[in-house]
Amino acid sequence: MATLDDLFFGSARVHLASVPGDVVRFRAEEWEADMSDAALATTLARSRRIAAEPGGPADVAVPCIPAREIVLREGVAAASSDVSDWPEALRGPLLKVPAPKPPSSDEPDEAGGDGPRLAMLHAVASGTRSCLVKVGGEWWRLKGSGNHDQGFVLRVNAATPASGPDRPGKPAYRDLRGSAFAATAVRENFMTALVGSALTPLGIPAANEARGVYHYSSPAQCPLGLANPEVRPACIVERTFGDRRLGSHVLAGLELLLPALLDEARLSPRALRALFPPKRFSQTAGQPAAASAAASAASDDDGNGDGNGDGWPPATTAELAYFNAQVCQAAMLPGGVEVALWAVPEQYHTLVDRENGSFTLDATVLADLSSFSSSSSSSSSSSSSSSCPPPPLPLLPERPPPGDDYPQQWAVGGPRPMAQEWRPLWDETVRSLAAALEAINKANDDERGGASKKPVCVLGYLFGGLGRDCGRFLRELHRLRVSWGTYQDEMCRRDLDEWHCNAHANNMVLLTEEEGSRLRSFLSYLDLDMAFDDETFVDTWKATAAAAGDESPKEAATAAAADGDDDGEGDKEEAHKKRRKAHDDLLLRESVNFMEVLAGGDSSNGVPQIARAVVDAQSANVQAAKTALYDTLILAFAEEYSQQEEGESSFEFDPQLHAAAYAMCKLAVIVMADFVA
């Protein structure tokens, strides 16, 4: 039967083999950023395609993090290989391999090319290239342990043809799939330790704890050979405390379950309209003013008195705040005001404004259900709630899912009936949710003395809490002057302005219920292998421009260097200011991108495409409720991100609502349990 480990860490089983290689133990005090010219040259070399072997073609792209190298401190002769306090099964490199063949099979049973299979390990998939292993009651993450069960795969990327004078295309190149690399593995360990040391005391938990690196050495695991250490596969080894992702597991499951969590018979369009500020309906997204005014009037009343009309449901949060990376460029308006351009309807272009290195959110078009979520406080810190009076009860008619109807579970291949092993845990969680909702209603009755109840919304509390956890983490990360990983390199198409960005929903992980209650939150963070700070930031995209012929190599190296060339202190200071401004722009892009993703404008958030038709077929009233919830999430994110005091949070913890919200999260994860994000 499914257990809480299956629920919070993963349930798609994988198999591991021991393979040749070496292991490095990470100790934070032994590592530092190298500010030397030689190290800068190493970083800049990755901004161009490299050769796998001396004299070979320079056709391999590797990640180029725009930051100085992380190296052993002076006086540390070599990284430690002493992992004697690790579980014995993890003291050498492991690789994901196919499941063992049945005893009757005549096919050879390969174990990744080398080494015995460790059949007794309990391991589960974590995305395409990673897995989690439980040994001795502890969970460990092996990030970069093979592309599914195929080992390390050499991918050949076809050339992209030119499509115009400003879109020259891109030559063919090769890259390695399923692995980390020496530089990114050390960076993940280093930044995880650095960020964790600052954020953990503030009650912002990391999902991982830095431990070390595997380096693979067998030709069977090194498709690009061993001659160039830049292309040798590596695996990041960490302790881990969870793996269910905010986007693909929590939000996706909640969207699919929403009709079962709400009593649709009691969802009144008029009451749902009252959740939104009036400005939301002043114009309808995507329509000319005259047509939208008519649609807005129709949405007030279509003649049957239910308040439902052609303008219903309202424009979604993603439609209001959909961020298109190709058009979200810094633009200078008259008067020198710098803004971010959003691909949103004209009347909502002020939803997010970028000015003086920060963004502002137009809260006057967003619903805020978290304002009505606490049974112990009626205060609201949202700027939108003043323009939206408390709606009539019920705010949202919440309920536990029907006990006699198990929903489908979703995997990459599509839906299937809920597996028998999950049903006992589903039943138990449904009962917990029913009890929690009953306790909340009773407490509300007792507090009000049987008088008219104050609006209470568990889903509003949950979505507000998720937004606040995301906003609080990113605020404190940026307070450290650290980017999560927003940059461009040789893997990006310059003509399409493609970007890497780690600021997305699947890099936030659901805490176990015990930890979530202890920390009064829901989420932890992970994936810092692309993270960098402003002091070590290197503008590697300038070097790529030089490789493309856009500027000279000397100009590129000067612009990329942390403090410029040696022409004088004034030049150094000016270069330093430019570098800091470039880093500030990346942080701003990162914050707006994260908000766009959380709004539902990205594939890492919400249901996978294979289930999109099911969600799109939900009733207009359910879709309106969902929009109000995503509004709440975005508003909470922006409010939390803008808090000025270190560690401060506006989140009002309520143990009863928290328990009910966690029950809903657990049901959501069960629905998406075998979806490998």
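A residue counts as buried when its relative accessible area is under 20%, as exposed when that area is over 50%, and as partly exposed in between. The model discussed here is predicted. Because the relative accessibility of Arg 211 is 22%, Arg 211 counts as partly exposed. Glu 209, with a relative accessible area of 32%, is likewise partly exposed, and Arg 211 and Glu 209 form a salt bridge.

Side chains of opposite charge can pair when their charged atoms come close. A search of the whole structure finds 35 salt bridges, and the table lists some of them.

| Salt bridge | Closest N and O atoms |
|---|---|
| Arg 211 and Glu 209 | 2.7 Å |
| Arg 245 and Asp 243 | 2.9 Å |

Arg 245 and Asp 243 are both buried. Asp 584 is partly exposed, at 28% relative accessible area. Salt bridges also join Arg 129, Lys 143, Glu 188, Asp 527 and Asp 529 in a network.

The largest nonpolar core has 106 residues, and Leu 246 and Leu 396 touch the most other members. Helix α16 (residues 655-671) contributes the most to this core, with 12 residues. Beyond its neighbours within four places in sequence, Leu 246 is in contact with residues including Leu 251, Leu 466, Asn 506 and Leu 598. A second, separate core of 24 residues includes Val 23, Leu 90, Val 135 and Tyr 214.

How values were computed. Residues numbered from 1 in each chain as written. Predicted model: local features only at pLDDT ≥ 70, side-chain atom pairs only at ≥ 80, totals over all residues. Heavy atoms only, no water. Core = buried A, V, L, I, M, F, W, Y, C linked by side-chain atoms within 4.5 Å. Buried < 20%, exposed > 50% of the residue type's maximum accessible area, 1.4 Å probe, protein only. Helix = DSSP H or I, 4+ residues; strand = E, 2+ residues; numbered from the N terminus. Contact = heavy atoms within 4.5 Å. Salt bridge = Lys/Arg side-chain N within 4 Å of Asp/Glu carboxyl O.
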